[in-house]
Amino acid sequence: MQKIFYSLVVILCFSLINQDTFAQCSGLKAVVVSITTDNTPAQNSGSVVDAVTGSVYLNFGPYAFADKNKTFNYNINLPNTATVLFSIYDTGGNGGASFSVTSGSDTYVSGSGNWGDEYKRYFTTCAVEYDLMVYDSNI
């Protein structure tokens, strides 16, 4: 329940930010979503979606057994004005996959180790005024 409340607060805050704030952030940003599976790749899946509209930019996994401990890089373009939700799941609950969302030297999301059965993070590729307004489900 607490996760849902925090998610709604973050989405509300992002949606209330005046669009003039994003004037310098028009267009698309090329990002790389990198997923390195663990020993049980069939348990790993996730998505990158627009947190406000629900538009899906990427779905990944589950992976085949032969894909254990392999890295998959997905190149996608994200609108600079979008509030994006990165989600990754591990049905085994041990969160062994590592992951990142990057663009050049900018890292928007990253994690590895035992993160449990799910990890979610809101971000935008044009962090103008609200770097501290990032919700991490592991907090």
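Seven aromatic pairs were found in a search of the whole structure, where rings of Phe, Tyr and Trp (its six-membered ring) pair if their centres lie within 6.5 Å, and planes under 30 degrees apart count as stacked, over 60 as edge-to-face and the rest as tilted. Phe60 and Tyr74 make a stacked pair, with 6.2 Å between centres and 25° between planes. This pair connects distant parts of the chain, with Phe60 in strand S3 and Tyr74 in strand S4 (residues 71-79), 14 residues apart. Strands (E, at least two residues) are DSSP runs numbered from the N terminus. Phe60 is buried at a relative accessible area of 2%, buried being under 20% with a 1.4 Å probe, protein chains only. One aromatic cluster comprises Phe60, Tyr74, Phe86, Phe99, Trp115 and Tyr119.

The model is predicted, with local features needing pLDDT of at least 70 and side-chain atom pairs counting only at pLDDT 80 or more, whereas totals for chains, interfaces and linings use all residues. Residues are numbered from 1 along each chain as its sequence is written, and side-chain values use heavy atoms, with hydrogens and water left out.

An open sheet is formed by four strands in the order S3-S2-S5-S8, with antiparallel pairing; two strands pair if DSSP finds at least two bridges between them. Strands S3 (56-60) and S8 (118-123) stand at the edges with a single partner strand each, so one side of each lacks a neighbour in the sheet. Strand S5 (residues 84-90) is joined to S8 by six bridges, and Phe86 has Arg121 in S8 as its bridge partner.

Strands S6 (residues 98-103) and S7 (residues 106-111) pair antiparallel over five bridges. Phe99 stands opposite Gly111 in S7.

Technical notes
Buried means under 20% relative accessible area, exposed over 50%, partly exposed in between (1.4 Å probe, protein chains only).
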